[in-house]
Amino acid sequence: MPAQSTDSDTYASPGEQPVDQKTLRRAVGASMIGNATEWYDYGVYAYLTTEITDNFFPHAGVAATLLVYAVSFVLRPLGGIVWGPIGDRLGRNKVMAMTIILMALGTFLVGVIPSYDSIGFWAPVLLILLRVVQGFSTGGEYGGAATFMAEYAPDKKRGFWGSFLECGTLLGFSGGLAITLILRASLSDDAMTSWGWRIPFLIGLPLGLVGLYLRTKMEDTPVFRELQGNNEVEEAATSALKDLFRDYWQPIVRLFLLVVALNIADYTLLTYMPTYMSGDKPDGLGISSTQSDVILLIGQLIMTALIWIAGTTSDRVGRKPMWWFSLIGIFVLAVPCFWLMGQGIAWAIIGFTVLGLVFLPQLGTVSATFPAMFPAHVRYAGMAISYNVSTAAFGGTASVVNDWLVGWGGRYMPAFYMMLAMVIGMIGLVKVPETAGESIRGRGIPGTSEEKAEPRDRSGIHNVSGIHDVSREFGTRRRR
């Protein structure tokens with residue numbers, strides 16, 4: 001348990017700047033709602049694949065809709081490259097305020113684009129442009145939110161508090177799915193195709209505005225403010241990128257491999273499943289669109305209710321044991337669970353839920369594990385760039401690849417694809433340092449000998465508590 005200050009509502013481990021519980025909860029909410037906004041958009045798009053196809057790609061079919069879904073991911077790495085270093089230079093919350101309003105506007109405007117029948121070729125063009133905006137903005141959102149959450153959370157409870165960020169992910173998916181289900185139950189098929197599909201996208205704007213309000217009311221993280229106070233923030237965004245690729249290429253590669261496993265499992269389970277269960281591929285499951293949505297919603301709500309357990313357990317046993325359990329568990333259970341999904345609706349619920357629960361130790365520890373792989377001065381950029389490059393390559397393409405694999409090799413192919421992803425994740429995990437309970441302050445890599453060494457300022461002089469003030473007085477501190 002983290003050390004507790006004299007104020008019963010304030011938490012801090014030794015050496016941390018104390019954060020009162022009210023501020024911590026506001027930080028959690030500010031991070032969580034942005035993540036919910038992001039994944040609400042991606043979930044709604046996936047769940048409304050049929051309606052989007054009818055309105056924008058009536059002659060091209062579902063494949064075109066899925067390819068446009070993947071297009072937004074192409075811009076995520078660029079967003080990470082742009083937003084990440086700015087977040088390391090100017091602050092996490094400034095960038096997060098920009099990304100959430102761009103995401104919300106992008107989602108909202110999809111709901112007002114005229115259909116192909118109204119404006120022809122320009123309808124899919126406008127849709128693609130808005131997905132590009134969405135991808136660019138989300139390229140800075142997730143890395144920032146995870147960094148913001150991790151840097152506010154007490155060292156000894158970073159897993160617990162960080163799990164709420166991924167709770168936002170699941171709530172975004174579940175909220176989008178629930179609204180879609182309600183609309184489909186309330187409207188005729190013609191009304192849903194004509195105008196009902198627009199309503200979930202329009203809801204994205206007020207959701208984003210709430211997140212913007214929460215974020216503009218927050219100070220930046222204690223870790224970033226400490227960097228500023230010690231004059232250790234990078235002078236320019238370009239210098240942060242230079243430091244990142246020169247000195248921290250190894251954690252970049254490890255994070256990339258972990259995200260391959262995370263995203264192929266995530267997007268297969270949470271976005272492709274409705275298409276998979278109700279599809280007309282060989283060996284189809286024979287489950288209706290509504291039934292598949294209900295199965296997915298039940299599984300997601302169970303995951304949402306239990307995700308905090310994964311985060312709390314990681315604070316006690318470590319991040320790596322949780323990841324090993326999840327990677328190996330999915331590798332072993334993928335095929336049996338996909339077999340269960342083909343045995344009827346009740347068995348499909350069980351198969352999907354089992355895979356979802358085994359996936360939780362990965363999902364529930366992301367924001368505690370990934371930001372801690374980098375030192376504070378390049379954390380936002382390292383997290384955003386590595387995460388988004390891997391997500392663009394393997395997350396956004398998961399639905400398209402899975403759909404092709406099912407058509408080519410049958411309904412067990414997504415299970416085999418997930419198994420391959422878990423092996424890639426295992427390779428990346430081997431050399432990842434254990435960071436549970438470790439400080440993520442300063443310019444050292446958490447959980448390594450570099451982090452345990454006495455921190456230094458940029459002039460090479462040891463910088464312990466209070467020394468930086470003296471060193472500034474004598475002019476020894478300088479910017480790189």
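The dialogue below goes from the whole chain to single residues.

Student: What should I know before I start?
Tutor: This is a predicted model, in which local features need pLDDT of at least 70 and side-chain atom pairs count only at pLDDT 80 or more, while totals for chains, interfaces and linings use all residues. Residues are numbered from 1 along each chain as its sequence is written, and side-chain values use heavy atoms, with hydrogens and water left out.

Student: How many helices and strands are in the protein chain?
Tutor: Start with the rule. Helices (H or I, at least four residues) and strands (E, at least two) are DSSP runs, numbered from the N terminus. Here the protein chain has 23 helices and two strands.

Student: What share of the residues counts as buried?
Tutor: Buried means under 20% relative accessible area, exposed over 50%, and partly exposed in between (1.4 Å probe, protein chains only). Of the 480 residues in this protein chain, 59% are buried.

Student: How do I read contacts?
Tutor: Contact means heavy atoms within 4.5 Å. Take the contacts in the protein chain with a separation of 6 or more: residues 24 or more positions apart account for 80% of them.

Student: Where does H17 bend?
Tutor: The bend at a residue is the angle between axes fitted to the seven residues ending there and the seven starting there. H17 bends by about 25° at Leu357. A proline, Pro361, follows within four residues.

Student: What covers the buried residues of H17?
Tutor: The buried residues of H17 include Ala348, Gly351, Phe352 and Pro361. Their cover includes helix H8 (158-186), helix H14 (249-278) and helix H16 (319-341).

Student: Which residues form the nonpolar patch on the surface?
Tutor: Patches are made of residues with over 30% relative accessible area and no salt bridge: like charges are joined within 9 Å, nonpolar side chains (Val, Leu, Ile, Met, Phe, Trp, Tyr) within 5 Å. Here the patch is Val294, Ile298, Ile302, Leu306, Trp308, Ile309 and Leu357, with about 500 Å² of accessible area together. H15 gives the largest share, six residues. Val294 lies in helix H15, and Val294 is partly exposed at 35% relative accessible area.

Student: How many salt bridges are there?
Tutor: Side chains of opposite charge can pair when their charged atoms come close. A salt bridge is a side-chain nitrogen of Lys or Arg within 4 Å of a carboxyl oxygen of Asp or Glu. By this rule the count is 13.

Student: Which parts of the chain do Arg76 and Glu38 link?
Tutor: The side chains of Arg76 and Glu38 meet in a salt bridge (3.2 Å, N to O). Arg76 is in helix H4 (residues 76-90) and Glu38 in helix H1 (residues 21-47), 38 residues apart. Arg76 is buried, at 0% relative accessible area. Glu38 is buried too, at 0%.

Student: What about Arg379 and Glu151?
Tutor: Their side chains form a salt bridge (2.7 Å, N to O). Arg379 lies in helix H19 (residues 379-395) and Glu151 in helix H7 (residues 122-152), so the pair ties together parts that are 228 residues apart in sequence. Asp88, Arg92, Glu151 and Arg379 are linked in a network of salt bridges.

Student: Last one. Which residues does Ser399 touch?
Tutor: Ser399 is found in helix H20 (residues 398-409). Ser399 is buried, with a relative accessible area of 5%. Not counting residues up to four places away in sequence, Ser399 touches Leu66, Thr271 and Tyr272.

Methods. Areas by Shrake-Rupley, 256 points an atom, 1.4 Å probe, with all protein chains shown as cover.
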